[in-house]
Amino acid sequence: MSDVRYWNKEIETAGRSEIETVQLDRLRGIVTSALNAPFYKKQLCKVGINSAEDIKSLDDLRRIPFAEKDDLRQNYPKGFLAVEPGEVVRIHTSSGTTGIPTVIYLTAADLNAATDLLARSIVATGAGREDVFQNMMSYGLFTGGLGLHYGAERVGMMVIPAGGGNTKRQVQLMKDFQTTVLHITPSYLLHIDSKLADYGVTLEQLNLKKAFIGAEPHSENARCKIEDTYRIDAYNSYGLSEMNGPGVAFECVYKNDLHVWEDAYIVEIIDSETGQILPDGQEGEVVLTNLIRHAMPLMRYRTRDLAFIHTEPCKCGRSHRRLSRILGRTDDMLIINGVNVFPSQIEEVIMRIPEVGTNYQIYIEKDGVLDRLTVKVELYSKMFLGEAKQIEKLKAKIREELSASITIKPAVELHEPGILPVSEGKAVRVVDSRKQL
Ligand code: ADP
Ligand code: ZN
């Protein structure tokens, strides 16, 4: 009988040398495909890689130059395409709000391999065919929706393709179909709690057990808040559209950071300044090589996400190494009056304060020659029933704890729930008006 804890026990528990054998074999296949893409034809020839034969060991990966978002943009739309257009069955693109979009192409076999990783990720959380899965990520060009959808169907779950938004209908669906598993951004899930009472729905009328949360940065404290609020288990899900979206790394039942599916992705951590490869345990930029996509090979892609690799094995028996939660991005560091601040540091602090509700936003603006940082925080509504003095005390406490962590004293504003803007997809946590000057 197969072991229900795993989707594919053999590969999930394979020894290091077996994983490396698969990686080498697949890397050679990807290099062969890549040589058909205009971008890689040039890049690989430059470093003397003219065929898969030139990849003798995994160390040869290091000869391949890093790829960056700009390479994808400059070669839009077809510079990375490595198969005849007739072979492609699906494309996805990034939203393109910050410039030219990036595009990915998939053949039927690529899509099948990506779907399998999502089925594997779902099963790793202990979810299975008896679950009712409500997919609250938006469908369409964004990879978050369709990816999990097909993975969940492959597992045999009952899938509710709800898509993003329309909170009232979402709650109705949860209630009517007794949804057990959600796929959702953590900020949106935190927001929904404040709406339940308006819709006259209690947690007891729902049957929620698990949530897959991802697509945006969040702290351990935000996860704890979600778990306490809904009395569920929340599993971190990591991916990016350039790597097929979700399913790159996922937490298992132990919720102790994310297994990177290493038969499908080679993960390296580098020093983002020097490009040097860092040892396990050290924080740096995550660099990923996709081993399962032949329509559009992408090797050594610099994600700009900061994390580290755990060295200890996981209790679940999976041998694929774990990535820490994303600790920040190389491009989201704020410099405020000369001090470096990551938004994640601010979230860490405010989400551990029990009176703080589920939404916050960070504002930075010019104040003469200086920068002014304001942290706007929503409190639970019961806080506003008490004395004003209490609120002032809390404000001072939040300010103090923030300044202990980020070394500058921000202005703090406390608001009733529902005042700050809410996003049904990725949250906009930082509004930096200095950039418009
Ligand atoms: P996706 O469609 O998978 O959301 P995008 O390309 O739109 O892909 O966004 C990917 C980026 O979102 C990642 O590079 C990372 O910065 C962020 N992200 C995705 N999942 C997580 C996560 N679990 N924790 C923190 N950040 C995440
Ligand atoms: Zn595990």
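Taken over C-alpha atoms, the centres of domain 1 and domain 2 sit 30 Å apart. Domain 1 covers 9-331 and domain 2 covers 336-432, with bounds that come from an automatic or database domain assignment. This is a predicted model, where local features need pLDDT of at least 70 and side-chain atom pairs count only at pLDDT 80 or more, while totals for chains, interfaces and linings use all residues. Residues are numbered from 1 along each chain as its sequence is written, and side-chain values use heavy atoms, leaving out hydrogens and water.

**Where the domains meet**
- On the domain 1 side, 22 residues are in contact with 19 residues of domain 2 (contact means heavy atoms within 4.5 Å).
- About 1,500 Å² is buried between the two domains, and carbon and sulfur atoms give 53% of that; buried area is the accessible area (1.4 Å probe) that two parts lose on being put together, summed over both.
- Leu-190, Asn-221 and Lys-225 supply 32% of the area that domain 1 buries against domain 2, more than any other three residues.

**A look at Arg-62**
- You'll find Arg-62 in the loop between helix 3 (38-46) and helix 4 (69-74); helices are DSSP runs (H or I, at least four residues), numbered from the N terminus.
- Arg-62 counts as exposed because its relative accessibility is 53% (exposed is over 50%, buried under 20%, partly exposed in between, with a 1.4 Å probe and protein chains only).
- Leaving aside residues up to four places away in sequence, Arg-62 touches Glu-268, Ile-277 and Arg-300.
- Arg-62 and Ile-277 are 215 residues apart along the chain, yet their C-alpha atoms are separated by 9.4 Å.

Key. Chains are lettered from A and ligands numbered from 1 in the order in which they are written. Helices (H or I, at least four residues) and strands (E, at least two) are DSSP runs, numbered from the N terminus.
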